[in-house]
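Hi,

Here is the structure I promised to pass on. Have a look through it first, and my notes follow below.

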Amino acid sequence: MNVKELKAAFLPIFILAVSSCSSPDATSKKDDSVVGAYEAQLTDAPFVPAAANYKYPEKVIVRLEVVEQVMRLADGVEYNFWTFGGKVPGKFIRVREGDEVEFYLSNHPNNKLPHNIDLHAVTGPGGGAEASMTAPGHTTQFSFKALNPGLYVYHCATAPVGMHIANGMYGLILVESEKGLPAVDKEFYVMQSEFYTKAKFGAAGLTSFDMGKAFNEQPDYVVFNGSVGAQMGEQSMQVKVGETVRLYVGNAGPALTSSFHVIGEIFDRVHIEGGSLINENVATTLIPAGGAAIIEFKCETPGSLTLVDHSIFRAFNKGALAQIKVSGKEDHKVFSGKQKDMVYQPEGSAVQSISKAGKEVPIPEKTLPERNASGKILYAANCAACHQPEGEGLAGVFPPLAKSDYLMALKDKGVSIPLHGLTGKIRVNGKDYDGIMPQMALSNDEIASILTYVRNAWGNKGGLVTAAEVNKSRNGK
Ligand code: HEC
Ligand SMILES: [Cu+2]
């Protein structure tokens with residue numbers, strides 16, 4: 001049954017309840033009894049259920065199933081997740097202030113452990129934790145009244161609580177205020193969380209929870225929506241220019257506070273901590289572990305917006321990246337794009353290897369061991385942040401340079417890539433990438449050394465790259 005059918009099914013109850021109401025003015029119902037009942041439609045991230053279209057508090061039935069299962073954590077990396085509803089984060093629950101929520105928690109018979117749920121939207125012991133303690137193969141029931149509007153985290157609170165959260169047992173519940181939220185064009189559900197794994201970041205295979213790392217609050221992965229790249233590339237959230245967007249952002253932790261930021265956008269409004277206080281014109285908002293925020297903005301110009309935890313190593317090295325793709329017509333008044341690129345040489349500048357005309361002051365060529373030695377240092381300073389220290393790349397984001405078939409097949413030995421940058425779809429070792437590699441401000445000599453190092457490190461066998469070859473590419477010959 002969809003919502004409409006459900007409404008139709010319960011309409012008789014609804015009419016009965018309203019007509020038996022003693023108040024002559026049906027639009028100003030003041031008592032707190034509920035009318036009607038319906039089954040909540042729950043959604044998986046990044047989607048959000050539609051707003052309730054009823055006027056008075058109702059009885060809302062929520063059914064959530066706990067499933068323990070192995071799923072993707074990153075490309076080639078699997079993890080045994082414990083979930084509310086089969087995905088991480090758990091299903092998004094949307095109710096209205098004053099609703100009576102009848103909650104059914106089912107623990108799938110194939111699961112190994114008991115689980116429960118603590119909803120931060122609940123006023124009552126443990127947020128419902130004791131009342132919902134459920135053994136495998138059982139369903140428990142409890143009810144609560146949604147007294148306070150706001151966006152709330154829910155999570156499993158079975159001991160060891162940290163482990164149940166770290167394994168994926170969390171989600172968001174929105175208690176919409178009586179007045180409702182203003183209409184927007186698109187709503188999305190994004191939840192940050194950490195994974196503490198036996199194997200290090202990106203190591204292929206099935207990995208599992210590491211209590212030692214969790215205890216020290218040193219996660220290997222920090223992700224949005226349960227896995228590295230869950231909302232990247234083809235899975236990005238889609239918006240059109242001119243549309244208004246509302247993000248329901250949760251932070252499950254279990255340990256870290258998120259410095260939530262969207263690269264390329266300013267939040268017009270933020271419901272701080274998911275509550276009623278609204279801040280305006282915010283670039284980065286703090287979301288505590290076990291907390292949330294409602295974020296609204298309008299997309300004025302096309303492009304890719306990147307969601308990050310601005311504790312930035314978590315973003316570029318542990319997976320805390322997601323994307324909103326804004327499509328539509330450019331507005332050069334809002335953003336011009338690069339208008340010019342001019343040589344900048346302040347007086348007395350130490351950049352001596354590149355002359356004004358872009359020609360390099362000749363310096364003697366170096367041997368392969370010399371280039372390898374200087375290239376190693378230059379690589380660490382200029383390339384490792386993206387392509388990683390051992391050239392292994394970052395799944396779905398930065399292609400590997402170690403054993404890269406793409407690099408080895410390039411006629412110019414790859415020198416044009418750091419010289420001019422690289423964008424558009426490429427395929428490296430069977431995996432697609434569609435990112436932006438910036439142009440690097442490096443001399444011919446430096447590029448020759450870096451590429452010599454890259455072409456001879458980590459199992460690569462690519463020989464010497466000379467400054468003369470780089471110079472040739474720089475001058476387009
Ligand atoms: C800011 C991040 C970033 C930095 C810094 C960076 N790259 Fe890249 N690089 C990328 C991205 C993203 C791509 C893929 C571009 C695409 O999809 O078209 C790429 C692609 C490449 C490729 C081709 C693909 C492959 O894996 O063989 C080479 C070679 C490369 N980069 C070399 C370098 C070198 C050498 C440096 C340092 C001088 C460097 N990059 C610095 C992000 C970066
Ligand atoms: Cu649990």
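The shell around ligand 1 is made up of 21 nonpolar residues, seven polar and one charged (Ala, Val, Leu, Ile, Met, Phe, Trp, Tyr, Cys and Pro count as nonpolar, Asp, Glu, Lys and Arg as charged, and the others, Gly among them, as polar). Of these 29 residues, Cys383, Cys386, Pro399, Gly435 and Met437 come nearest to ligand 1; a residue is near if its C-beta atom, placed from the backbone, lies within 6 Å. Helix 6 (384-387) gives the largest share, three residues, while helix 9 (444-454) is among the elements that supply at least two. Helices (H or I, at least four residues) and strands (E, at least two) are DSSP runs, numbered from the N terminus.

A word on the numbering and the model: residues are numbered from 1 along each chain as its sequence is written, with chains lettered from A and ligands numbered from 1 in the order in which they are written. The model is predicted, and local features need pLDDT of at least 70, side-chain atom pairs count only at pLDDT 80 or more, and totals for chains, interfaces and linings use all residues.

Now to Pro89, which sits in the loop between strand 3 (77-84) and strand 4 (93-96). Pro89 counts as buried because it has 30 C-beta neighbours inside 10 Å (buried means 20 or more other C-beta atoms within 10 Å, exposed 12 or fewer, partly exposed in between, with C-beta atoms placed from the backbone). From Pro89 to His155 is 66 residues in sequence and 9.8 Å in space, C-alpha to C-alpha.

Best wishes
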